[in-house]
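Please look over the sequence and the model below before reading on.

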Amino acid sequence: MPGLFNVLGKFLIYGQRLCIYPSAFDSEDERNFGICFPDNVDTEDLTITTSDNIALKCYFLRAPNYRRHTSIAGQRLSIRTVTSAAARAIVIMFHGNGYHAWLHFSSAQRFLRLGCDVLVVSYRGYGHSLGKPTEKGLRRDAQAALEYVLADAELSKSRIVLHGHSLGGAVAIDLVARNPDKISGLIVENTFLSIPLVAKEIPGIRHLTFIINQRWESYRRILKIPKDIPILMLSGKDDEVVPEWHMLKLWDLASIRGEGKDMKKSEIQFRLERDGREGSDRGKDMFKTIVGGTHADTWTRSGYWSTVQTFLERLDL
């Protein structure tokens with residue numbers, strides 16, 4: 001009998017990781033299928049090492065007409081090709097759980113058109129990154145990506161905006177909450193309140209949420225983000241994976257962030273249980289419902305990129 005419980009315990013632990021991080025379990029052929037690096041874009045393969053010594057294979061895309069200054073002994077070379085204006089900002093992109101980093105290259109190119117450099121992060125176990133995904137591990141991955149940018153003499157001159165889709169939204173919210181003085185803006189798309197609250201909508205497992213140990217409780221972490229960090233929320237009206245009410249309730253919680261970081265559990269529960277209010281802009285914060293947007297294609301829909309452009313302008317970028 002103890003052996004049975006041991007097997008069951010391992011199934012519950014590793015089974016939920018398979019459900020929460022499915023693409024990390026892709027075969028080599030599956031994860032390499034459809035890799036298409038953008039044409040005519042200055043793309044650099046990066047290896048970023050995390051605090052627990054995991055090598056992440058990430059990708060840096062440079063905005064047009066932007067080149068790193070070259071110098072010798074501290075003197076800038078007088079060559080025309082190295083003279084340029086700084087990028088508008090650097091966007092650090094965090095992908096969803098069912099994707100690999102390169103599947104976000106198309107949306108990354110849209111940020112390039114807006115004058116932003118882009119760092120596309122590949123979590124541990126995803127793409128060509130080493131390691132196995134866990135909540136603790138992905139939080140370290142995000143921190144390593146941020147520290148890479150901050151340690152770079154040129155990149156650190158740009159303001160930093162985070163973009164997260166689905167699980168990536170949870171990763172981005174957590175990173176801002178832990179580094180509020182280093183981030184200028186946050187963009188989240190079709191993300192959720194927490195993994196257990198998503199699971200409660202799934203027949204068959206809704207009564208087993210107490211065993212979930214990869215929780216990603218964005219509804220708590222968003223409260224720790226200061227109000228002076230602008231947030232843009234982009235919600236696909238027809239999202240079939242994460243119901244829109246998750247985004248609406250995150251928006252509601254964002255309205256009391258900073259002041260509510262020490263809220264009691266009962267107060268947070270009240271916010272979660274009441275109906276999410278239709279999003280409307282507040283100061284530099286923006287909420288946009290994308291009509292027809294599903295979980296995967298919201299970024300392709302009308303109104304998405306014009307809203308991103310407006311948001312960047314509100315950041316004075």
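## Cysteines

In this predicted model, Cys 58 counts as buried, because its relative accessibility is 1% and the cut-off for burial is under 20%. Cys 116 is buried as well, with a relative accessible area of 0%.

## The chain as a whole

The protein chain has 317 residues, and 53% of them count as buried. Its secondary structure consists of 10 helices and 10 strands. The accessible surface of the chain amounts to about 15200 Å², and carbon and sulfur atoms account for 53% of that surface.

When contacts in the chain between residues at least 6 apart in sequence are considered, 72% of them join residues that are at least 24 apart.

## The sheet of eight strands

An open sheet is formed by 8 strands in the order S1-S2-S6-S5-S7-S8-S9-S10, and the pairing within this sheet is mixed. Strand S1, residues 42-49, and strand S10, residues 286-290, stand at the edges, and because each has a single partner strand, one side of each is left without a neighbour in the sheet. On average, neighbouring strands of this sheet are turned by 20 degrees against each other, if direction is ignored.

Strands of a sheet pair through backbone hydrogen bonds, and they may do so in either a parallel or an antiparallel way. Both senses can be named here: S1 and strand S2, which covers residues 55-62, run antiparallel and are joined by 8 bridges, whereas S5 and S6 pair in the parallel sense over 6 bridges.

How many of the residues of S5 are buried? The strand is mostly covered, with 6 of its 6 residues buried. In a regular strand the side chains alternate between the two faces of the sheet. Along S5, Ala 89, Val 91 and Met 93 point one way, while Ile 90, Ile 92 and Phe 94 point the other way, and all of these residues are buried.

Helix H3, made up of residues 105-113, lies across several strands, namely S2, strand S5 (89-94), strand S6 (116-121), strand S7 (160-165) and strand S8 (185-189). Relative to S6, helix H3 runs at about 160 degrees.

## Gly 164 in strand S7

Gly 164 has its place in strand S7, and it is buried, with a relative accessible area of 0%. When residues up to four places away in sequence are not counted, Gly 164 touches Phe 94, Gly 169, Ala 172, Ile 187, Val 188 and Glu 189. Gly 164 and His 95 are 69 residues apart along the chain, yet their C-alpha atoms are separated by 6.2 Å.

Helix H4 (residues 135-151) and helix H5 (residues 167-178) have axes that come within 10 Å and cross at roughly 65 degrees, and the crossing of H4 and H5 is right-handed. On the side of H4, the contact is made by Leu 138, Arg 139, Ala 142, Gln 143 and Leu 146, and on the side of H5 by Leu 167, Val 171, Asp 174, Leu 175 and Arg 178. An α-helix has 3.6 residues a turn, so residues three or four places apart point the same way.

Why is helix H8 described as largely enclosed by the rest of the structure? The reason is that 10 of the 11 residues of H8, which spans residues 244-254, are buried. Among them are Met 247, Leu 248, Leu 250, Trp 251 and Leu 253, and the buried residues of H8 also include Glu 244, Lys 249 and Asp 252.

## Two residues with positive phi

Asn 190 lies in the loop between S8 and helix H6 (195-199), and its phi is near 50 degrees, a positive value in a residue other than glycine. With a relative accessible area of 1%, Asn 190 is buried.

Trp 216 belongs to the loop between H6 and helix H7 (218-221). Its phi is near 45 degrees, which is again a positive value in a residue other than glycine, and at 0% relative accessibility Trp 216 counts as buried.

Technical notes: Residues numbered from 1 in each chain as written. Predicted model: local features only at pLDDT ≥ 70, side-chain atom pairs only at ≥ 80, totals over all residues. Heavy atoms only, no water. Buried < 20%, exposed > 50% of the residue type's maximum accessible area, 1.4 Å probe, protein only. Helix = DSSP H or I, 4+ residues; strand = E, 2+ residues; numbered from the N terminus. Contact = heavy atoms within 4.5 Å. Areas by Shrake-Rupley, 256 points an atom, 1.4 Å probe, with all protein chains shown as cover. Pairing = 2+ DSSP bridges. Axes fitted to C-alpha atoms, helices over the stretch in contact; angles between N-to-C directions. Left-handed = near helix turned anticlockwise from the far one by under 90°.
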